[in-house]
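Please look over the following chain and its fold. The briefing below covers its layout, strand pairing, core and a few individual residues.

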Amino acid sequence: QTLVENAVKYGVERRTEGSEIRIVVRQSVDGFLIEVANQGALAANSSSTRIGISNARKRLALAKGERASLDLSEHDGWVRATLAFPLPA
């Protein structure tokens, strides 16, 4: 939920021409991958504290273990938040 809220707040709301959010969920042999992407760019030299993403990483580690990860990236005009976690034992 936090990742979708961030995509709306930092992606959709900042684009006057409208935007799109893509949500992809995949299961592999090792675990799950969830990607939330929005059109836009990561804000360079932003005054953002990035506390939201830090808190999300901490909650993810508590819920899914230390092998879980949450990465933020930008590529080809899309900002992607990618969450990965292993299958339960």
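**Overall layout**

Along the sequence, the protein chain has the pattern α-β-β-α-β-β. That pattern comprises 2 helices and 4 strands, where helices (H or I, at least four residues) and strands (E, at least two) are DSSP runs numbered from the N terminus. The model is predicted: local features need pLDDT of at least 70 and side-chain atom pairs count only at pLDDT 80 or more, while totals for chains, interfaces and linings use all residues. Residues are numbered from 1 along each chain as its sequence is written, and side-chain values use heavy atoms, with hydrogens and water left out.

**Whole-chain values**

- The C-alpha trace of the protein chain spans about 45 × 25 × 20 Å along its principal axes.
- Of the 89 residues in the protein chain, 24% are buried; buried means under 20% relative accessible area, exposed over 50%, and partly exposed in between (1.4 Å probe, protein chains only).
- The protein chain exposes about 6,300 Å², and carbon and sulfur atoms supply 51% of this area; accessible areas come from the Shrake-Rupley method with a 1.4 Å probe, and for residues only the protein chains shown count as cover.
- Among contacts in the protein chain with a separation of 6 or more, 50% involve residues 24 or more positions apart; contact means heavy atoms within 4.5 Å.
- The 12 positive and 10 negative charges of the protein chain have mean positions 5 Å apart. Lys and Arg count as positive and Asp and Glu as negative, with His and the chain ends not counted; each charge is placed at NZ of Lys, CZ of Arg, CG of Asp or CD of Glu.

**Strand pairing**

- Strand E1 (residues 21-27) pairs with E2 in the antiparallel sense over 7 bridges; two strands pair if DSSP finds at least two bridges between them.
- E1 and E2 form a hairpin, with 3 residues between them.
- Within this pairing, arginine 26 stands opposite leucine 33 in E2.
- E2 also runs antiparallel to E4, joined by 9 bridges, and phenylalanine 32 stands opposite phenylalanine 85 in E4.

**Nonpolar core**

- The largest nonpolar core consists of 11 residues: Leu3, Ala7, Val36, Ile53, Ala56, Leu60, Ala68, Leu70, Ala81, Leu83 and Phe85.
- Two or more residues of this core come from each of helix H1 (2-12), helix H2 (51-64) and strand E4 (78-86).
- A nonpolar core is a set of buried Ala, Val, Leu, Ile, Met, Phe, Trp, Tyr and Cys residues joined through side-chain atoms within 4.5 Å.
- Not counting residues up to four places away in sequence, valine 36 touches Leu3, Val4, Ala7, Ile21, Arg22, Ile23, Val79, Arg80 and Ala81.

**Individual residues**

- Asparagine 38 lies in strand E2 (residues 31-39) and counts as buried because its relative accessibility is 8%.
- Beyond four places in sequence, asparagine 38 touches Ala7, Gly11, Glu20, Ile21, Gly77, Trp78 and Val79.
- Leucine 42 is in the loop between E2 and H2 and, at 31% relative accessibility, counts as partly exposed.
- Leucine 42 touches Arg50, Leu72, Ser73, Glu74 and Val79, not counting residues up to four places away in sequence.
- The C-alpha atoms of leucine 42 and tyrosine 10 are 8.7 Å apart, with the two residues 32 apart in sequence.
- Serine 54 lies in helix H2 and is partly exposed, with a relative accessible area of 25%.
- Serine 54 and leucine 70 are 16 residues apart in sequence and 9.2 Å apart in space, C-alpha to C-alpha.
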